[in-house]
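Here is a short report on one protein model.

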Amino acid sequence: MQAPEKPDMHSESFLHSLMRKQLRLSILCAVAFLLVLLGLPLAHYFFPEFMAAHIFGFTLPWLILGIGFLPALWVIAWLFIRRSIALEEAEVTELRNDE
């Protein structure tokens, strides 16, 4: 009778598991990006009176585009990278604990 095979960090099952988890993360980040991207036009369509407000001499949509859009994208990207690294480290730790 053969001894059970040692888990390998470079095995197909390890890589597929990690890829599945990162795919879920990618889809969540893509949905967040689409919400940020489509949120302003939808808000403009559904709440035209609110979006016509002037703040510091700018209408609200221009203010949101100028100040809020890029930082929102940076936050999504930062969370994706941070969570992706954490997923990879968790997989490696789990694999090493199994050894």
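Where is the place of Phe 50? Phe 50 sits in helix H2, residues 48-51. The model is predicted.

**Surface.** Phe 50 is exposed, because its relative accessible area is 56% and the cut-off for exposed is over 50%. Phe 50 also belongs to a nonpolar surface patch of about 970 Å². Helix H1 gives the most to the nonpolar patch, with seven residues.

**Core.** The largest nonpolar core has five residues: Leu 18, Leu 25, Cys 29, Ile 76 and Leu 87. Helices H1 (12-46) and H3 (60-98) each give two or more residues to this core. The largest share, three residues, comes from H1. Leaving aside residues up to four places away in sequence, Leu 25 touches Phe 80, Arg 83, Ser 84 and Leu 87.

**Backbone.** Most residues other than glycine have a negative phi. Phe 56 is not a glycine, yet has a positive phi of about 55°. Phe 56 lies in the loop between strand S1 (54-55) and strand S2 (58-59). Is Phe 56 buried or exposed? Phe 56 is exposed, because its relative accessible area is 74% and exposed means over 50%.

| Residue | Relative accessible area |
|---|---|
| Phe 50 | 56% |
| Phe 56 | 74% |

Definitions and conventions. Residues are numbered from 1 along each chain as its sequence is written. This is a predicted model: local features need pLDDT of at least 70, side-chain atom pairs count only at pLDDT 80 or more; totals for chains, interfaces and linings use all residues. Side-chain values use heavy atoms; hydrogens and water are left out. A nonpolar core is a set of buried Ala, Val, Leu, Ile, Met, Phe, Trp, Tyr and Cys residues joined through side-chain atoms within 4.5 Å. Buried means under 20% relative accessible area, exposed over 50%, partly exposed in between (1.4 Å probe, protein chains only). Helices (H or I, at least four residues) and strands (E, at least two) are DSSP runs, numbered from the N terminus. Contact means heavy atoms within 4.5 Å. Patches are made of residues with over 30% relative accessible area and no salt bridge: like charges are joined within 9 Å, nonpolar side chains (Val, Leu, Ile, Met, Phe, Trp, Tyr) within 5 Å. Accessible areas come from the Shrake-Rupley method with a 1.4 Å probe; for residues, only the protein chains shown count as cover. A salt bridge is a side-chain nitrogen of Lys or Arg within 4 Å of a carboxyl oxygen of Asp or Glu.
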